Amino acid sequence: MSEKQFVKSITSRDEDFAQWYTDIVTKAELVDYSSVRGSMIIRPYGYAIWENIKAELDHQIKATGHENVYMPLLIPESSLQIEKDHIEGFAPEVAWVTHGGDEELAERLCIRPTSEVLFGEHYKNIIHSYRDLPKLYNQWANVVRWEKTTRPFLRTLEFLWQEGHTCHETEADAEAEARKMLEVYASICEDFLAIPVLKGTKTEKEKFAGAKHTYTIESLMPDGKALQSATSHYLGDGFAKAFGIQFSDREGKMQHVHQTSWGFTTRIIGALIMVHGDDRGLVLPPKVAPTQVIIVPVAQHKEGVLDFAYKLKDQLGSQFRVNLDASDKKPGWKFNEYEMKGVPIRLEAGPRDIEAGQVVLVKRDTGEKIQTPIASVEEKIGELLEDIQDNLMKKATAYREDRTKVIQTYAEFKRYYEEENGFAQAMWCGKRECEEKIKEETSVTSRCIPFKQEQVADTCVYCGEKAKHLVNWAKAY
Ligand SMILES: [Zn+2]
């Protein structure tokens, strides 16, 4: 297959963004579709990306004092009913198990859509005194939510995630925990995945079912739509009261614990694809890339070329994630294949390079080719990987800034979303009706009340009454 034909097989991003996304997830071999609508098979390359994210996040979760546990997959219906807001929020998406073999169950069991209930029942059994607090648990698991429309990674019936569930003596401790974990998520997005995020609080309308406050990080995709990248909730003592999680405090009085929950999912891989990808395929930030350097030998049948390539692989392998493609496919095919897979650096070495004591390094983000003496190749690769990581973050940040607009009037707001897409920063009075009307008329939702507040106008963008908060608005995934 010629280079041109190969590249043509991905739809251009500007031409059809949704098709471009679908092409990448399948052609870069991240997923395959399964026989159940909306379920995906995460293939080795896609799973390796998740494993890298998981390793980094798990490290940070443990470094902040949390322990991993595992809860069951099934929740009895009666347990799910205990917290009213929670069940109301999740009921439409719950999948039920009704039979064991041929026998109908006396009570339906739900497949966990999230595990607040299971943690609640467990905490009731193991927390008795302030000495048992805080309890800082996390689990890595799959959950099922019966979504109507689905897309690989972005919205699937089953997805992978971690869910943290913690119990604290006081509201202040639990609030601090919820905010701390949001910062951990923001750091994973920005420092590891090169995805800039906006941090803030969800409005009452958009918050998690059963939470007092939901904190969120929101990122902006290249089509101008926002993607909720992770959330962290302060649950108050509502679940504790519903489940009876009590402890005797330092004065010997019985109190209910204050709880948090927080989750980070495989959905972020969808953001990773969209934020950095281009018309040649995936572009992976070096920190998360399963392969950081791909060695492609040129004229590998010539004497010494493959030996040289294998030696180089061993040498670089102690510092970087390196692979060598010594298959009999043409170098041009290999170049395209690893561009499609978003490998940050391609290293080319042919007989002439070897003779000259050099190799060629090609950066995936810019396509720039750099001839490098073999003696300094490790140093140069280290430098380039850092450079690519920074460059991707800068590019994504510049794009977001370009597509964030401060808006004062509703006329301007409507025009903005008719003509383009992006974040709008506009004032809001705090009333749910205004949010609902805006959504109805423009499909735009409040993404968050940013922690960094500014008074960009005195009145609500919709109703003209006195403004309470600056809100970040967008159409969303
Ligand atoms: Zn209003």
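Student: Which residue of E16 is the bridge partner of Ile294, and what makes two strands a pair?

Tutor: The bridge partner of Ile294 in E16 is Asn323. Two strands pair if DSSP finds at least two bridges between them; strand E15 (residues 293-297) is joined to E16 by 3 bridges, so the two count as a pair, and they run parallel. The elements themselves are DSSP runs numbered from the N terminus, with at least four residues of H or I for a helix and at least two of E for a strand. This is a predicted model, in which local features need pLDDT of at least 70 and side-chain atom pairs count only at pLDDT 80 or more, whereas totals for chains, interfaces and linings use all residues. Residues are numbered from 1 along each chain as its sequence is written.

Student: Why are E16 and E19 said to stand at the edges of their sheet?

Tutor: The open sheet has 5 strands in the order E16-E15-E17-E18-E19, with mixed pairing. Strand E16 (322-324) and strand E19 (369-373) each have a single partner strand, so one side of each is left without a neighbour in the sheet. From one strand to the next, the twist averages 25 degrees.

Student: How do you know in which direction helix H10 runs relative to E15?

Tutor: The axes are lines fitted to C-alpha atoms, for helices over the stretch in contact, and the angle between the N-to-C directions can run from 0 to 180 degrees. Helix H10 (residues 305-317), which lies across E15, E16 and strand E17 (345-349), makes about 170 degrees with E15. Helix H11 (residues 331-340) also packs on the sheet, where it touches E15 and E17, and its direction makes about 170 degrees with that of E15. Touching is judged by contact, meaning that the C-beta atoms of two residues, placed from the backbone, lie within 7 Å.

Student: What makes E9 and E22 a pair?

Tutor: E9 and strand E22 (residues 445-450) pair in the antiparallel sense over 2 bridges, with Pro450 in E22 as the bridge partner of Gly200. E22 is in turn joined to strand E23 (residues 469-474) by 3 bridges, again antiparallel, and the partner of Thr445 in E23 is Ala474. These strands belong to an open sheet of 11 strands with mixed pairing, in the order E3-E7-E8-E14-E11-E10-E9-E22-E23-E21-E20.

Student: Why is E14 described as largely enclosed by the rest of the structure?

Tutor: A residue is buried if 20 or more other C-beta atoms, placed from the backbone, lie within 10 Å of its own, exposed if 12 or fewer do, and partly exposed in between. In E14, 8 of the 8 residues are buried, so the strand is largely enclosed. In a regular strand the side chains alternate between the two faces of the sheet. Both faces of E14 are covered, with His258, Thr260, Trp262 and Phe264 buried on one side and Gln259, Ser261, Gly263 and Thr265 on the other. As for its partners, strand E8 (residues 158-168) is joined to strand E14 (residues 258-265) by 8 bridges in the antiparallel sense, and Glu163 stands opposite Gly263. Strand E11 (residues 226-236) pairs with E14 over 5 bridges, also antiparallel, and there His233 stands opposite Ser261.

Student: How do you know whether Pro134 is buried or exposed?

Tutor: Pro134 has 21 other C-beta atoms within 10 Å; the cut-off is set against this count, so Pro134 is buried. Pro134 is found in the loop between helix H6 (116-126) and strand E7 (135-144), and leaving aside its neighbours within four places in sequence, Pro134 is in contact with Thr166, Cys167, His168 and Asp173. The C-alpha atoms of Pro134 and Val257 are separated by 9.1 Å, although these residues are 123 residues apart along the chain.
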